[in-house]
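Dear colleague,

Please look through it first and then read the notes beside it.

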Amino acid sequence: MRKTMTIALKDLRAYFVSPIGYTVLSVFLLLTGWLFNGLINRYIMITMYYQQMGNPSAFRDFNLNTQILTPFFHNMVFVFIFIVPLFTMRLFAEERKMRTDELLMTLPLEDIHILMGKFFAGLSFLGIVLISTVVFPILLVIYGNPDVGPIFSGYLGVFLVGAAFVSVGLFASFTTENQVVAAIVSFVIFLLLYLININVPEAESSFKSVLMYLSLFDQMDSFAKGLIALPNIVYLVSFCVLGLFLGKIAIEIRRWR
Amino acid sequence: MLEVSGLTKRYGDILAVDDIGFQLEKGEVAAFLGPNGAGKTTTLRIVTGYLPPTAGAVLIGGVDLRREPTKAKRMVGYLPEIPPLYPEMRVEGYLRFVGKLKGLRKQELEKAIEEAIDRCRLKDVRKRFVYALSKGYRQRLGLAQAILGNPGLLILDEPTAGLDPAQIVDMRSFILELKGSHTILLSTHILSEAAQICNRVLIIHKGKLVGDGTLEQFATGRSLEETYMSLVAYS
């Protein structure tokens, strides 16, 4: 555990001694902030419209949670598609490029130390990115009265989806010494997962539910609504485990080739 | 201390290392000689556990590298051809990082760091960032990393390559200091260097071990240079 943390801390620190950490952080805030602003504007517009119509029944199910927070969490996950590869691509590819993998692989370490150390570094950075976005829901709480529970469950969901992304990005980083290739591979995987339910209407009924279940983004829905459901957690955690397992295989292949 | 037998490494059709075997006793300093591309670096990488061999076994202090890699690696300090440094770290921070990964703790760790800084004469740059170090200091830091925690076996891949003459002398005297207490396997192109600091010479050519003996054995009658040329003469 100590060795794992040593590697995790080193890689987390590496994000902030180079511009990469700050760049990713500010780009993420810029994009989510922009989208948040859009949601607010839309909310105000619709409210005004309904008021003019004078139709109170239209306001059923119309509140800050459904109109702003739920789409806000979805937006974050969408932005992850572009952002996560940017900070996971360096995790191991850079070691290979700089030839420091020769150090890591010849020190008395187990594969699991390297794998989990890198994973925790990615997770911590993800955590920092998410914490920095808390300012948006806080604004809602100050100026409105959203239901606070779904904010927490939404963040849990976003974090779990992010963790699954990090595990995939880490795997990609283990497969190549070229950071750009690592980023493209993870980007394509995320995009596929995003688009996986696009063919649902045409699919066979049994296959349909599989596709729906596989979509990482549908897994977000219940979290954003304030529901912490076991199947979703199981899905996301097993997704992480699968990503890490592939990463482990990638290291082993490197070791035994 | 180090026992290598039947070591073979194949990259596709290319046989990089071909059935190499040798033994190093404790305290021996061996020079690994050979032309570029002979398989020196590959062999050293296998011995340190960075690359897996296609066939053959490596025993370090009696421990099988393949079966118990972590235990075997604990006894090895390795300076690769390119010192494996993190530019964004400070000299001290880097040594602390490596020390922790070697499993050293608190006082033991601080002591080992001080010792390594002292022995590799890194005192003046200990607070500096690695990216700001000159080539000579980088090499020394790489060496400091290798000797950290006093492993019994040191594997040094061209420790004097790219250094200026004064630094080469420095590095040699440093290796001579370690002679006796550590087993050292180093690769080099410079024959006179091997003659000066080593008591054992291994000559590798086209992946095969073509010469193995003590310096005295090689030096009888002919100079090391002549022996080397006759063994690796380009045919």
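Of the 257 residues in chain A, 51% are buried, where buried means under 20% relative accessible area, exposed means over 50%, and partly exposed lies in between (1.4 Å probe, protein chains only). Please keep in mind that this is a predicted model, in which local features need pLDDT of at least 70 and side-chain atom pairs count only at pLDDT 80 or more, while totals for chains, interfaces and linings use all residues. Residues are numbered from 1 along each chain as its sequence is written, chains are lettered from A and ligands numbered from 1 in the order in which they are written, and side-chain values use heavy atoms, with hydrogens and water left out.

To begin with chain A, it has twelve helices and zero strands, helices being DSSP runs of H or I with at least four residues and strands runs of E with at least two, numbered from the N terminus. The C-alpha trace of chain A spans about 70 × 45 × 30 Å along its principal axes. Among the contacts in chain A between residues at least 6 apart in sequence, 79% join residues at least 24 apart, a contact being heavy atoms within 4.5 Å. Chain A exposes about 12100 Å², and carbon and sulfur atoms supply 70% of that area; accessible areas come from the Shrake-Rupley method with a 1.4 Å probe, and for residues only the protein chains shown count as cover. The 17 positive and 15 negative charges of chain A have mean positions 6 Å apart, with Lys and Arg counted as positive, Asp and Glu as negative, and His and the chain ends not counted. The place of a charge is taken as NZ of Lys, CZ of Arg, CG of Asp or CD of Glu.

A:Leu130 lies in helix α6 (residues 111-132) of chain A and is buried, with a relative accessible area of 5%. Leaving out residues up to four places away in sequence, A:Leu130 touches A:Met76, A:Phe80, A:Tyr155, A:Val158 and A:Phe159, while its C-alpha atom is separated by 14 Å from that of A:Phe78, 52 residues away along the chain. A:Glu102, in helix α5 (residues 101-106) of chain A, also counts as buried, at 2% relative accessibility. Which residues does A:Glu102 touch, not counting those up to four places away in sequence? They belong to chain B, namely B:Arg45, B:Tyr50, B:Tyr78 and B:Pro80.

Turning to chain B, you will find nine helices and ten strands. The radius of gyration of chain B, taken over C-alpha atoms, is 18 Å, close to the 18 Å that the globule rule gives for 235 residues, so chain B is as compact as a globular protein of that length; the rule is 2.2 Å times the number of residues to the power 0.38. Its C-alpha trace spans about 50 × 40 × 30 Å along the principal axes, and buried residues make up 56% of the 235 residues in the chain. Of the contacts in chain B with a separation of 6 or more, 66% are between residues 24 or more positions apart. The accessible surface of chain B comes to about 10100 Å², of which 52% belongs to carbon and sulfur atoms, and the mean positions of its 32 positive and 27 negative charges are 6 Å apart.

Within chain B, B:Thr41 is found in helix α1 (residues 40-47) and counts as buried at 19% relative accessibility; leaving aside its neighbours within four places in sequence, it is in contact with B:Glu81 and B:Asp157. Most residues other than glycine have a negative phi. B:Arg121, however, has a phi near 50° and lies in the loop between α4 (106-119) and α5 (135-147) of chain B, where it counts as partly exposed at 35% relative accessibility. B:Glu158 has a phi near 45°, lies in the loop between β7 (153-157) and α6 (165-178) of chain B, and counts as buried at 13%.

Finally, the cysteines: over all chains the count comes to zero disulfides, a disulfide being a pair of cysteine sulfur atoms within 2.5 Å. The sulfur of B:Cys198 is 18 Å from the closest cysteine sulfur, in B:Cys120, which is too far for a bond.

With kind regards
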